[in-house]
Amino acid sequence: MLIASYLLGYDDKGNVNHLGVDHVFPRVIDGACFELHKIVEDGRVSIYDLLIFFPQGEEPKDMLCLPDLPEAAVAVLLHDIPLPVVDFACGRNVRIVLDSSKPTQHKRDCA
């Protein structure tokens, strides 16, 4: 697993419209799946981590964690709006679209 730093990209209205990373995608990104992992402390959600799983990725790039997403990025994901994650090094991206109707399969966090 890689724990990566990221940048938020905004549109001209000030809304988050992508996340940017650098040198973290594996060679093969086909079949990527996603999970928004919430960490609950004292009965309330305090942190959301975005986990991206690359089934064909080689370790440690088989799982990517973007920790402690800002509230604006979480809001986009929770409203079923696609949010691209762009790897600046290679120019490729994965479009994160969460399906809240599907149960979480991975049950992992970033730490």
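Predicted model: local features only at pLDDT ≥ 70, side-chain atom pairs only at ≥ 80, totals over all residues.
The background is simple geometry: an α-helix has 3.6 residues a turn, so residues three or four places apart point the same way. Just after helix 1 comes aspartate 80, whose phi is positive at about 55 degrees.

An open sheet is formed by four strands in the order 2-3-7-8, with mixed pairing. Its edges are strand 2 and strand 8; each has a single partner strand, so one side of each is left without a neighbour in the sheet. From one strand to the next, the twist averages 25 degrees. Helix 1 packs on this sheet and touches strand 2, strand 3, strand 7 and strand 8, while its direction makes about 110 degrees with that of strand 3.

Within the sheet, strand 7 and strand 8 are antiparallel and pair over four bridges.

Glutamate 41 has arginine 44 of strand 5 opposite it. Strand 5 is in turn joined to strand 6 by four bridges, and these two run antiparallel. Here phenylalanine 53 has methionine 63, in strand 6, as its bridge partner.

**Backbone points to check**

Most residues other than glycine have a negative phi, and most peptide bonds are trans. Against that background, a few places in this model deserve a visit. Aspartate 42 has a positive phi of about 55 degrees although it is not a glycine. Aspartate 42 sits in the loop between strand 4 and strand 5, and is exposed, with a relative accessible area of 82%. Aspartate 68 likewise has a positive phi, near 50 degrees. Its place is the loop between strand 6 and helix 1, where aspartate 68 is partly exposed at a relative accessible area of 45%.

The peptide bond from glutamate 59 to proline 60 is cis, with omega near 0 degrees. Proline 60 belongs to the loop between strand 5 and strand 6.

Side chains of opposite charge can pair when their charged atoms come close. How many salt bridges does a search of the whole structure find? The search finds one. Its partners are glutamate 58 and arginine 27, whose side chains meet at 3.6 Å, N to O. Glutamate 58 lies in the loop between strand 5 and strand 6 (63–66), and arginine 27 in the loop between strand 3 and strand 4, so the pair ties together parts that are 31 residues apart in sequence. Glutamate 58 counts as partly exposed at 31% relative accessibility, whereas arginine 27 counts as exposed at 68%.

A disulfide is a covalent bond between the sulfur atoms of two cysteines. The structure holds zero disulfides. For cysteine 33, the nearest cysteine sulfur is that of cysteine 65, 14 Å away.

| Residue | Relative accessibility | Class |
|---|---|---|
| Arginine 27 | 68% | exposed |
| Cysteine 33 | 28% | partly exposed |
| Aspartate 42 | 82% | exposed |
| Glutamate 58 | 31% | partly exposed |
| Aspartate 68 | 45% | partly exposed |
| Cysteine 90 | 39% | partly exposed |

Key
Residues numbered from 1 in each chain as written. Heavy atoms only, no water. Salt bridge = Lys/Arg side-chain N within 4 Å of Asp/Glu carboxyl O. Buried < 20%, exposed > 50% of the residue type's maximum accessible area, 1.4 Å probe, protein only. Disulfide = S-S within 2.5 Å. Pairing = 2+ DSSP bridges. Axes fitted to C-alpha atoms, helices over the stretch in contact; angles between N-to-C directions. Contact = heavy atoms within 4.5 Å.
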